[in-house]
Every structure is written in structure tokens, then in C-alpha cells.
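Please look over the sequence and the model shown here. The paragraphs that follow go through some of its elements in turn.

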Amino acid sequence: MKYNDINIDKANKWKRLGILVSIGLPIISIALITTQPNFWLQLEAVSSRAFSKLEEPYRYPFYQSLAGNRTLIAPLQQEIAFYQERIRQYPDRALEQADLASTYLRMARLTGEGSWYLLADQTARQSLALLPIDNSEALAVLARVAEANHDFNKTLQLAAQIPNPKEALPMQVTANLAMGRLEQADQAAEQLVDLTLSMHAFTLRALVKTAQGNDQEALQNFRYALEVEEAGELSHSARTRTLLGRFYYERGDLQRAKDFYQEALRIAPNDASALLNLAQLELRQGHYRVAERYYHRVAQQQASPTVFDPLILRGQAQIKAAQGDRTGAETLWAEAETQLRQSVGSLSLGHRRDLARLLLERGHSQDIAEAVSLMAAEVQLRRDADTLGTYAWALTEAKRWQEAQSIIQMALDSGVRSAKLWHQAATIAQATGNKAEANTYFQKVRAIDPNFNEKARRAIHLGVGLGS
Amino acid sequence: MNAKLHRHGILPLLAFLTTLLFLAVTATPGQAHWADMSAAEMVVEPSTVQITLTYPTGLTPFADTNQDDQLSPDEVRASKQPLTTFLENAIRLRNQNNQAGVLQVSPQLEAALPPTVRAAPNTHSTIRLTYAWKQPLQALKIHYNLFLPGVPTANCLATILQNHQLRTVVFTPKNQNLTLSAGLTHLTTGGLLLTIAGAIVWGAMHSLSPGHGKTLVGAYLVGTRSTPKHAILLAATTTITHTLGIFALGLVALFASRYILPEQLYPWMNLLSGVMVIAIGLRLFIQRLSNRYSSHRQAHRHSHSHRRQPSISGELVPLPAASLPGTGNLNVNQPHWHNSDSPHHHQHSHHQQNSHHPPHHHSDHSFHDRIHHHSHDHHHPHTHLPLGPDATPVTWRNLVALGISGGLTPCPAALVLLLSCMALGQVGLGLILVLAFSLGLAGVLTGLGLLMVYAKTLFQRLPVPKRPVKLLPALSALGIVLIGVGLSAQAVMEIAGG
């Protein structure tokens with residue numbers, strides 16, 4: 001009897017011990033693990049591996065190397081401080097001036113704030129004054145500033161003077177792409193890939209292939225870009241994934257597009273391009289509150305005016321319009337219009353194309369003539385498929401069907417696979433009575449983007465990247 | 001007819017003017033036109049501020065004598081006086097005594113630009129401004145008002161470099177003022193004390209963030225028969241190791257930065273620290289588990305009565321000499337030792353009313369085991385407890401080793417503090433601040449340790465189920481092992497990740 005009691009007592013004790021361990025151990029473990037430094041980053045890495053719908057190499061593989069603070073601005077500020085100090089000590093060192101100019105340029109592209117371009121431009125000029133020959137970096141900065149000002153001829157002219165092809169070729173790719181010279185862009189991209197085999201080079205070649213309508217090769221190049229990805233290239237890593245997201249968005253694969261945008265945001269949580277594209281995606285799906293939140297997030301992180309401001313306002317106006325608040329939408333469009341008008345003109349960082357799109361989106365009949373003239377001026381500088389498409393849109397609204405048809409045909413001749421361009425072509429064909437042609441074009445639209453609908457059409461020009 | 005025309009002409013004009021007024025009032029700063037932008041690179045030095053200013057040349061047309069939208073070095077020199085007068089009003093810099101700095105204007109570029117670059121359109125000029133004061137700067141008030149008149153979107157992006165730190169600010173017609181403090185370089189006595197106090201607070205606050213050995217200290221102290229002295233020793237050891245580690249790493253960074261990067265040392269120190277913690281944790285776990293089993297054995301082997309008063313000493317309790325080995329019979333007047341703080345509590349009664357058990361820090365388990373090989377009645381409630389195999393579970397060696405392992409990996413924040421001061425040429429200040437930082441850390445760790453010790457005593461007084469409490473030492477030891485595993489795994493991942 002006593003022996004049994006002891007056994008029961010023993011069993012109870014073990015039971016209690018088991019319960020205590022099963023409750024206490026997880027609690028202690030959770031407390032210990034969550035108080036470890038870098039816990040959240042490691043959790044993110046694990047969750048990315050476990051839950052991300054993206055497979056290797058599309059999923060970012062270097063989470064472990066990410067710092068807790070992933071703002072891309074702080075490291076650039078440190079770099080600027082370093083070079084400014086060096087220049088204070090050695091004011092005659094042209095190459096350090098060029099390095100500083102290059103850092104200012106990266107800051108400009110990251111933040112979208114125009115004044116950084118001005119600093120980059122002036123610092124590059126100072127560098128060139130000190131060292132007029134063999135100063136590739138300073139020339140490259142000037143060429144990039146010219147590109148930001150949409151002076152593509154000047155960009156190519158300066159790029160031609162750059163002795164280092166690694167510096168010159170990327171600009172030749174982008175400037176030729178903007179001017180619709182796909183062959184030259186392709187050649188430059190091929191040379192760049194042969195020369196560097198870098199993530200940036202493959203991404204540029206992917207852009208050229210996309211513009212040529214060669215989707216398979218474009219995807220292959222995006223893949224190569226991610227295969228040669230290195231830790232620490234945060235802005236490139238985020239950008240390539242954002243562009244891939246755009247690629248899938250344009251083809252109606254919204255879930256995959258979203259996955260890529262979100263992966264970009266995991267790498268760079270404040271990436272404005274990824275946020276704006278996500279807002280566009282949500283808007284297209286009718287998730288207006290979510291879209292508004294993304295716009296709000298981009299607007300909130302800007303300390304000063306940026307090139308993204310009018311796009312945010314246009315997106316917010318579309319949300320209001322879709323919700324039936326026409327007055328609210330008009331107010332936002334008016335605000336965006338004010339900003340765009342101030343920035344349009346020679347030597348400016350604004351887009352005539354953006355202003356024309358705003359005027360067309362708003363739908364005031366009195367604005368159409370201006371939209372047409374803005375685009376007529378713009379296509380003198382830019383002749384990429386997207387710009388030609390906007391011109392054709394303006395001509396369509398002006399009911400200048402023949403001109404619209406010839407312009408949209410020029411855009412489609414590039415070979416680009418774009419549902420919006422085929423949709424425009426179908427609309428023009430329908431208006432000119434070519435029903436059969438219109439049906440063929442509508443089929444092409446469905447083949448490229450099976451989900452292309454009215455909401456998609458309204459959100460068409462609210463994306464960033466891939467020529468948008 | 002005229003009146004009608006007049007009316008038709010006036011109304012659109014009024015509408016146009018109203019629109020213009022509305023736009024001027026409501027326009028938010030947008031993407032400014034290139035020609036409206038300015039940029040200023042400011043460098044704050046002990047008693048001067050250097051500004052490299054790039055601005056639309058149209059703002060100073062009087063200096064652009066050849067009207068090419070560019071100020072050449074000769075033009076700047078020729079118009080030095082009017083430029084100084086104009087810019088003194090547009091960009092006002094004042095020190096802590098509200099004294100304006102003496103401004104000097106000089107050209108930025110002496111060399112000529114190559115023809116290809118000159119051909120590029122440029123509407124801006126760059127000049128250098130130097131503001132100087134007689135006294136060192138302790139504060140700086142900047143008033144910037146160099147904008148194109150009537151352009152609400154005009155702005156100036158200023159980068160301000162001060163004590164190796166860069167900050168940026170955008171001056172606009174609506175935001176023209178900025179105040180800066182001069183930083184650490186010129187500290188008054190009050191300022192120094194304030195800085196040290198700040199470092200203590202920073203250290204204390206920083207130690208509350210993840211890591212820093214809090215869990216380690218807590219896990220150790222909660223599971224041992226620890227006293228406040230032990231808590232203080234553990235925190236002090238951690239802090240001293242931490243401070244010495246930072247000094248050492250700072251010196252490494254200072255003298256050997258060409259050969260080794262301090263951040264490369266971190267993972268290895270983490271690994272060393274982690275392995276040490278695992279070893280200590282395992283040792284404690286085994287020790288505490290064996291204590292528990294031995295106490296269980298005792299609990300079931302005896303049920304006796306010591307005719308004594310319950311111990312109020314709270315520490316070690318003498319047992320009757322009757323139970324001494326070799327005595328052969330029970331003699332309740334012989335002392336033997338119990339530890340009333342041990343988690344193994346079992347109650348039995350003692351009839352003896354003679355005295356309190358004197359406190360004594362001594363134990364002998366073999367002896368203890370042997371005295372309990374008997375069975376008799378106890379008539380008063382009493383806690384007599386098993387001791388560990390070494391009879392002193394809180395050993396100085398354990399404490400010091402654990403303290404060292406907890407403080408071995410220096411906190412990067414403290415290292416940054418030291419290196420920043422070194423970079424500013426304030427090595428002494430750096431050492432003082434790191435010491436203050438570590439004192440803050442020590443304060444929190446000591447507080448936490450004491451809390452654990454006192455909370456545990458309180459816990460024992462509460463009518464809580466005793467068995468879970470008995471497991472606490474073993475669980476806390478297991479916790480230490482887990483911390484060690486976490487630290488080591490993280491270090492290995494860092495090392496493997498390069």
C-alpha cells in the first residue's frame with residue numbers, strides 16, 4: 001500500500017514536472033529569443049524562407065546581412081559627410097569632388113528631391129574644372145543630371161566623352177530607351193553585360209528586352225540579375241524586384257507583382273517606387289483604403305518636395321473619383337496640376353508627359369488641346385512606347401483618329417507587349433469603324449493581360465518604372 | 001455696347017487675378033523649377049562657418065557684369081563688396097550671443113571649365129562664404145532668405161556638416177530659420193557634468209534594450225541561494241568586463257585599424273561568450289538537478305521529528321548531534337546543518353523547544369544524507385533542506401565567470417561613443433563617457449539582480465505551490481544554457497555569413 005502511494009506520488013510529481021516544463025520552457029524560450037539582438041531581422045529571414053511565395057533567386061537571400069535600420073539615406077549621408085571633410089582638407093582633389101558629386105546624384109535618385117541634382121551638377125563641374133581629362137565619374141554625373149532634365153541628346157553627347165565604358169554604357173542604354181532607339185539600347189546593354197556581368201547590367205538588358213516585347217528573354221535577364229546579386233546593393237536589389245513586379249503587373253499577374261513589390265519593401269522599407277506601385281495595384285483591385293495608406297506612407301516620409309508628389313496626388317484623386325467624390329478628386333488634380341505646371345519647361349525635372357496625363361485623366365474637354373500640344377513637344381525628346389501611347393491617347397480624346405492610329409502603330413511597332421497600348425489601338429479601330437481589327441486587338445489585350453478591365457485602365461499611368 | 005465690352009473684359013481679368021492669388025496662397029512647394037533651386041554646403045567649425053553656395057545667378061545681377069548667367073572668379077572679386085552686403089542680409093548667421101559673423105565672399109572656382117562642360121546650360125553660380133567669430137561657437141542661428149522674389153516653390157537644400165555628422169535642411173520662404181548647438185567639442189563644467197549624466201542615463205536606458213545580460217543575471221540569481229551581495233558582484237563583474245572590453249576594443253580600433261576591423265572581432269567574442277555561458281549553464285543545470293534528486297530521495301527516506309523550534313534564521317539550520325555519523329542513536333542536542341532557503345521544503349514537527357538554529361554557511365551532504373537514515377516524529381513545522389554537492393551553490397567562481405561572459409561582448413553603442421570622442425580628439429572624455437555609460441548599465445543590472453533576490457524571498461513567503469518553486473533553479477539553469485545557445489548560434493551565423 002505504502003509502496004503504491006509512493007509510486008502514485010512519484011507519478012504525480014513527474015506529471016507536474018512535465019506540465020511545468022511544457023509551460024515554463026516555451027515561455028522562457030520565447031522571452032530569451034525575443035530579447036536577442038537582431039531577433040526581428042532573423043525572424044524576417046526565417047519567415048521569408050518559410051512563407052514567401054517567391055523562390056530562389058527572386059527571394060532576397062541576404063537578410064542576415066541587413067542592418068536593423070534599413071533606411072538607405074543614412075549611409076549616403078555618412079558618405080557625403082566623409083567626402084565633404086576630405087574636400088575641406090584637400091580642395092584640389094578632383095576625384096574626390098567627383099565621388100561627392102556621384103553620392104549627391106544617388107541621393108537625388110533615392111529621394112526624388114531636385115536640389116540634390118543641383119548639388120551633383122555643380123560639384124561635378126568643379127571636379128571637371130580641376131581635372132578636365134580622364135574624369136569619367138564627373139562626366140557621368142553631368143550626363144545623368146542631363147537625363148533627369150530629359151535632355152537625352154546632351155546625355156548621349158556627354159556619355160560619348162566618357163572614357164570608361166562601364167560609366168558610359170548604362171546611360172547609353174537608358175537614354176536610347178527613352179528616345180525609342182531600341183537597337184542602340186540593345187547594343188549598349190549587350191556590351192555592358194559582357195563587360196560587367198553585374199546585377200545592374202542584366203537589369204538594364206531586361207528592360208531593353210521588355211521594350212522589345214521579348215518577354216522570355218526579359219525574364220531570363222531579370223533572373224540573371226538576381227543570380228549575380230550581392231549583399232549590400234540594397235537599392236539595386238529593391239529596384240530589380242520592383243521592376244519585376246511591374247513586369248508582372250503589366251501582364252495581369254497581380255499576385256506575383258504584389259509579391260515582388262513586398263519583397264522590395266522588405267529590403268528597403270521606404271522604397272518610394274515599390275510603395276507607389278503597390279498603391280496602383282491596390283487601386284486597380286478596388287482596395288481604395290489600402291491604396292490610400294500606401295500613398296500616405298510615401299507622402300509622409302518626404303521632408304521636402306519630390307518628383308513623386310504629383311503622382312501621389314493623381315493617385316489620390318483617382319481614389320476619390322472612384323469613390324464618387326468628384327469634388328475631392330478635382331481639388332487633388334488641381335494641386336497636382338499646379339505642381340506640374342511649375343516644373344514643366346526647359347531645364348526642369350518635371351514631365352510634360354505627366355501633366356498631359358493628368359489633363360487627360362481629369363477629363364475636362366477644354367484641357368485636351370493642351371494635352372495634345374504638350375505631348376507633341378514631348379515626343380520630340382522621348383519616343384518610347386509609353387510616351388507615344390500617351391500622345392495617341394491625347395489625339396484620341398481630340399478625335400484626331402488618323403494621327404492617333406499612326407502614332408499608336410509606331411508604339412506597337414516596337415514590339416512591346418502592352419495591354420494598354422493594344423487597348424488604345426482597339427479603341428481607335430472601333431472608333432474608325434474597323435470592327436474586325438478592333439476585335440483582334442481586344443483579343444491581344446486579353447492574351448497579354450486577361451484581367452484588363454475598366455479599373456485597370458483608370459490606374460494605367462500611376463505606376464513607376466518600366467517606362468511609366 | 002462699351003459697357004458690355006467693359007464688363008466682359010473685366011470679369012475674365014478679375015477671375016484670372018483671383019485664380020493667381022488663390023494659387024499663390026494655396027500652392028504647396030512642389031518640384032521647384034531648376035532655376036528656382038539653391039544649394040548650400042555648410043561646414044561648422046570651432047569659430048567659423050564655411051558655406052559653398054550655389055544659387056541662381058539672377059539673384060545677384062549686379063555682379064554678373066558680362067550677363068552670361070555665370071559669376072566668374074573675376075566677377076566675384078570685382079563685386080566683392082556689394083555681394084557681401086547683399087548676402088549679409090540674405091543669409092544671416094549669429095552665434096550664442098546673437099552676434100553676427102563677419103562675412104567674407106570668395107570665388108569657388110579658380111580653374112576654367114572645359115569647353116564641353118561650359119557648353120552645358122547653367123543658370124547657377126557657386127561662391128564661397130566664410131562667417132567668422134572671435135569666440136568659439138556654442139550655438140548657431142541661421143536665417144536664410146535668398147529666394148527668387150514671388151516664387152513660393154523656391155528652396156535651398158542645405159547640408160550641414162558639424163562634428164563629422166551631416167544633417168540636411170530645406171530652407172523655403174516659409175521656413176527660413178534654423179538653430180544649431182555646437183556639440184561636444186567645447187564643453188563647460190556644467191556641460192561636462194550634463195554629458196556624463198546623459199551617458200549614465202543612456203547606458204541605463206540602452207541596457208534595457210535586448211541583450212546586455214539582463215536575462216542572464218535574472219536567470220542565474222532567481223535559481224540560486226543568492227544574496228544582495230551576489231547580485232551586486234555579478235552586476236559589477238559584468239560592468240567591469242564590459243568597460244575593459246570597450247577600452248580594449250577601442251585601442252584595437254585605434255592602433256590596429258589597418259590590420260583588423262573591430263566589427264570582425266564581434267562574432268568571435270560573441271561565440272566565446274556564448275560557449276562560456278553554455279558551459280556555466282550546463283554545470284548549474286546538472287548541479288541543481290542532482291540537488292533536486294538527492295532531496296527527493298531524502299524526502300521519501302525519512303519522516304522524523306526534531307524536537308526543536310523552527311528556524312528563523314533563514315539560512316542554515318543545525319541538526320541534532322544525535323544524527324552525527326557513528327553516534328548510533330538519536331541525540332537531538334547535537335547540531336547538524338539545514339538550509340532553509342533550499343527549494344526542497346518538507347514539513348515535519350520538532351518537539352524540542354530549545355532554541356533558534358544559528359545561521360551558518362556550511363553544509364555537508366554526505367553527512368546530511370546519513371543523518372536522515374532514520375525515522376521518527378517531528379512535532380513542529382520546520383524547513384530543512386538539501387544542499388548542493390559543494391554545499392555552496394553560489395560560488396564566487398561561478399559569479400565571476402558568468403559576469404565576465406555577460407560583459408565580454410562590448411556594446412557597439414558604447415564603442416561608437418568612445419570612437420567618436422577619439423575621432424574628435426577627446427580621448428579622455430571618451431573614456432569618462434564610456435565609464436559613465438557602463439555605470440548606467442551597472443545600475444540597471446544591479447537593480448535587476450536585487451529585484452530578483454528580494455522578489456524571490458517574497459515569493460517564498462507567499463502561499464504558492466512549493467513544487468514549481470523547486471524546479472525554478474533547474475529551469476533557470478536551462479535558461480542560461482538557452483541564452484548561451486542563442487548567443488553562440490548567432491555568432492556562428494555571423495561568422496559563417498562572413
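**Helices and a sheet**

Helices (H or I, at least four residues) and strands (E, at least two) are DSSP runs, numbered from the N terminus. Axes are lines fitted to C-alpha atoms, for helices over the stretch in contact, and angles run from 0 to 180 degrees between N-to-C directions. This is a predicted model, in which local features need pLDDT of at least 70 and side-chain atom pairs count only at pLDDT 80 or more, while totals for chains, interfaces and linings use all residues. Residues are numbered from 1 along each chain as its sequence is written, chains are lettered from A and ligands numbered from 1 in the order in which they are written, and side-chain values use heavy atoms, with hydrogens and water left out.

In chain B, six strands form an open sheet of mixed pairing, in the order β4-β5-β2-β1-β7-β8. Its edge strands, β4 (102-107) and β8 (165-171) of chain B, each pair on one side only; pairing takes at least two DSSP bridges between two strands. From one strand to the next, the twist averages 20°. Strands β1 (residues 37-44) and β7 (residues 155-162) of chain B run parallel and are joined by eight bridges. B:Met42 stands opposite B:Ile160 in β7(B).

Chain B has its own helix α3 (residues 80-90), which lies across β2, β4 and β5 (124-132) of chain B at about 130° to β4(B).

Methods: Contact means heavy atoms within 4.5 Å.
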